[in-house]
Amino acid sequence: MAESSQIPYLLRAARGEKLDRPPVWMMRQAGRYMKAYRELRQKYPSFRERSENPDLAIEISLQPFRAFQPDGVILFSDILTPLPGMGIPFDIVESKGPIIDPPIRSAEQVENVHPLDPEASLPFIRTILQTLRQEVGNRAAVLGFVGAPWTLAAYAIEGKSSKDYKIIKGMAFSNPEMLHSLLGKIADSIATYVRYQIDCGAQVVQMFDSWAGQLSPQDYDTFALPYQKRVIEQVKATHPDTPLILYISGSAGILERMGQSGVDIVSVDWTVDMADARKRLGPEIGVQGNIDPCVLFGSQEFIRDRILDTIRKAGNQGHILNLGHGILPGTPEENAAFFFETAKQADKLLAVR
Ligand code: CP3
């Protein structure tokens, strides 16, 4: 008992232990809704600098940890961070989001995408993760994260955020060999990158396939799921004990398919009722989520009710409390604080109800 209390709650939940309350963290918990982040952003306007200068990235990762003591600390980075190391440069432009110029559109460009050597191109990730582990100790788990092949290919091919994904889907439906070749290359590099993050100190890794929910189930089975599996199989072969989480936005129609990817935990968005998600995924798979980020714009009473409702629906085993997608810019910081406080007292609050 004494020994297991030294293990962060998030890891205990990921192992399927019964707990008195679920661990809690938030996707995008470092970022623009925090005043401390906005101040630092004014001084260092380049996103790449903020995420690739270890001192800045460590400071930003720890801002929400100091403010709210979440059970998970995610490294401040982006899913696009490994792309330059594969020959795909990017930038993140204020009010436009990610830009990849030139986008990958030809067989020759796909040919030129090369395997990632993380020691060479991502040395800052080692410093960031090692330092976070030292700073956080066993008070919280340190999470790494990556983008999944479909979502990274969507940025590489579209060149920016997209509403309809017509360029990558056009390629999928007219020249699938070319897209499969790119997806395969990205999958192998991302597997290398996940292993590197674990070797550098990440205790849990979340894979974001944010835009795979834009695919029909049939196309998900062809262009997203096999490449999620390829990453997960390669990582599990060398690092079988590190829990892996899979997140997709708009996943209600493909939840069972997400469970087939080989991940330990499925991160559910708010378009699915948590009790249904549990039933649909079965007892072997943990769940994370799934509160609508807009709930944090509601009253504190409403926020508390939704937290307790979600916890009740998820049960006391294999659940990590989180939002259903990233916290939104403009969220009142005191409501974020209230979210964490309430989650951490959930055992007492549920007992009196
Ligand atoms: O959770 C955390 O605290 C880590 C931070 C994090 C960022 N990006 C920092 C960031 C994480 C987990 C990501 C992942 C990411 N990046 C995803 C998957 C998660 C999801 O939301 O589905 C995606 C699709 C991206 C690509 C990306 N990066 C977009 C679409 C944008 C623009 C978003 C916007 O609202 O402007 C980014 C930029 C970005 N990455 C920001 C942050 C904090 C905002 C830019 C800034 O702060 O200057």
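Reader: How do strand 7 and strand 8 pair?
Author: Strand 7 and strand 8 (residues 286-291) run parallel and are linked by 4 bridges, where strands are DSSP runs of E with at least two residues, helices are runs of H or I with at least four, and both are numbered from the N terminus. Two strands are said to pair if DSSP finds at least two bridges between them. Val266 has Val287 in strand 8 as its bridge partner.

Reader: And what does the chain pass through on its way from strand 7 to strand 8?
Author: It passes through helix 13 (residues 274-281), and this β-α-β crossover is right-handed, meaning that with the strands pointing away from the viewer the path from the first strand over the helix to the second runs clockwise.

Reader: Before I go on, what kind of model is this?
Author: It is a predicted model, in which local features need pLDDT of at least 70 and side-chain atom pairs count only at pLDDT 80 or more, while totals for chains, interfaces and linings use all residues. Residues are numbered from 1 along each chain as its sequence is written. The protein averages a pLDDT of 96, with 98% of the residues scoring at least 70; pLDDT is the predictor's confidence in each residue, from 0 to 100. The model also has an ipTM of 0.91 and a pTM of 0.96.

Reader: Why is strand 8 described as largely enclosed?
Author: Because 6 of the 6 residues of strand 8 are buried, the rest of the structure largely encloses it. Strand 8 pairs in the parallel sense with strand 9 over 5 bridges, and Asn290 has Asn322 in strand 9 as its bridge partner. The chain crosses between these two through helix 14, again as a right-handed β-α-β crossover.

Reader: In what order do the strands of the whole sheet come?
Author: There are 7 strands in an open sheet, in the order 1-4-5-6-7-8-9, with parallel pairing. Strand 1 (72-74) and strand 9 (319-323) are at the edges, each with a single partner strand, so one side of each has no neighbour in the sheet.

Reader: Changing topic, is Leu215 buried or exposed?
Author: Leu215 counts as buried because it has 25 C-beta neighbours inside 10 Å, and it is found in the loop between strand 5 and helix 11 (217-238). Its C-alpha atom is separated by 10.0 Å from that of Gly250, which is 35 residues apart along the chain.

Reader: Last one: how many residues surround the ligand?
Author: The ligand is surrounded by 22 residues, of which the closest are Ala30, Gly31, Gly97, Phe208 and Ser210; a residue is near if its C-beta atom, placed from the backbone, lies within 6 Å.

Conventions: Buried ≥ 20, exposed ≤ 12 C-beta atoms within 10 Å, placed from the backbone.
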